[in-house]
Amino acid sequence: NAGVTQTPKFQVLKTGQSMTLQCAQDMNHEYMSWYRQDPGMGLRLIHYSVGAGITDQGEVPNGYNVSRSTTEDFPLRLLSAAPSQTSVYFCASSSFPSYNEQFFGPGTRLTVL
Amino acid sequence: DAKTTQPPSMDCAEGRAANLPCNHSTISGNEYVYWYRQIHSQGPQYIIHGLKNNETNEMASLIITEDRKSSTLILPHATLRDTAVYYCIVRVAGGGSNYKLTFGKGTLLTVNP
């Protein structure tokens, strides 16, 4: 199993540009989520999904959209990038019934100029 | 979720046991203690979790005090590859609305040769 994969690994955007961060998992996990990590801070939850067609907001959802059309994929969209969205983004997944162990991807480093 | 307190940094000699403390004095009866670690520039990695009994797996041991107000993660024979930020997280296990992991600043463990 590849586990949780994220693309791209690095991305530089200009303010106002849009892009999609890709996340995929091959473990048939129901739950997937996106976190961002800023220097000196812990991870903060952006959006999460408990299954295909179901998404919900985390603690910092503004400026980001998500959708979950398949169990495997959970893309994160930045509609109009801002410098405040410069961060490292991590995708995670876990499975029913306990969701105890969340598996994280390697991260995407995003810089918005 | 209950708040946790961890020392910002610790050192350990290679081959010795690393004991990482965590205080969670406001923990509720149905909240578990989870430990994750994050090696530099990588996604967090699950280590272990427990409710009130001591737990052990191939990576570490978790010792929870009888009053459950504190716990200790033990890496029995630390190696240089164990240098990482270790996060102690308290949350209700399972699904429902409790998927979120709340990461604090953790403890930077440096294993020295």
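The legends below walk you through close-up views of a predicted model.

**About the model.** Residues count from 1 along each chain as its sequence is written, while chains are lettered from A and ligands numbered from 1 in the order in which they are written. Because this is a predicted model, local features need pLDDT of at least 70 and side-chain atom pairs count only at pLDDT 80 or more, whereas totals for chains, interfaces and linings use all residues; side-chain values use heavy atoms, leaving out hydrogens and water.

**Figure 1. Where chain B meets chain A.** Here 20 residues of chain B are in contact with 21 residues of chain A (contact means heavy atoms within 4.5 Å). Together the two chains bury about 1,600 Å², 55% of it on carbon and sulfur atoms; buried area is the accessible area (1.4 Å probe) that two parts lose on being put together, summed over both. Four residue pairs, both at pLDDT 80 or more, are in polar contact between the chains (a pair of N or O atoms within 3.5 Å; within protein, one must be able to donate a hydrogen and the other to accept it, and residues adjacent in sequence count only if both atoms are side-chain atoms).

**Figure 2. The side of chain B that touches chain A.** Strands β3 (31-38), β4 (45-50) and β8 (84-92) of chain B each supply at least two residues of this side. Strands (E, at least two residues) are DSSP runs, numbered from the N terminus. The largest share, three residues, comes from β3(B). By type, the residues of this side are nine nonpolar, eight polar and three charged (Ala, Val, Leu, Ile, Met, Phe, Trp, Tyr, Cys and Pro count as nonpolar, Asp, Glu, Lys and Arg as charged, and the others, Gly among them, as polar).

**Figure 3. The disulfide of chain A.** A disulfide is a covalent bond between the sulfur atoms of two cysteines, counted here when those atoms are within 2.5 Å. In this view A:Cys23 and A:Cys91 are joined, with their sulfur atoms 1.8 Å apart. A:Cys23 sits in strand β3 (residues 19-25) of chain A and A:Cys91 in strand β9 (residues 87-94) of chain A, so the bond ties together parts 68 residues apart in sequence. The torsion about the S-S bond is about -70 degrees, so this disulfide is left-handed. A:Cys23 has 1% relative accessibility and counts as buried (under 20% relative accessible area; exposed is over 50%, partly exposed in between; 1.4 Å probe, protein chains only).

**Figure 4. Cysteines of chain B.** B:Cys22 and B:Cys88 form a disulfide with sulfur atoms 2.1 Å apart. B:Cys22 belongs to strand β2 (residues 18-23) of chain B and B:Cys88 to strand β8 of chain B, 66 residues apart. Both cysteines are buried. B:Cys12, by contrast, is in no disulfide, and the nearest cysteine sulfur, that of B:Cys22, is 18 Å away.

**Figure 5. A salt-bridge network in chain A.** A:Arg36, A:Asp38 and A:Arg44 are linked in a network of salt bridges (a side-chain nitrogen of Lys or Arg within 4 Å of a carboxyl oxygen of Asp or Glu). A:Asp38 meets A:Arg36 at 2.9 Å, N to O, and A:Arg44 at 2.5 Å between the closest N and O atoms. A:Asp38 is buried at 10% relative accessible area, while A:Arg44 is partly exposed at 24%.

**Figure 6. A salt bridge in chain B.** The side chains of B:Arg37 and B:Asp82 meet at 2.8 Å, N to O. B:Arg37 lies in strand β3 of chain B and B:Asp82 in the loop between β7 (70-75) and β8 of chain B, so the pair ties together parts 45 residues apart in sequence. Both residues are buried.

How values were computed: Helix = DSSP H or I, 4+ residues; strand = E, 2+ residues; numbered from the N terminus.
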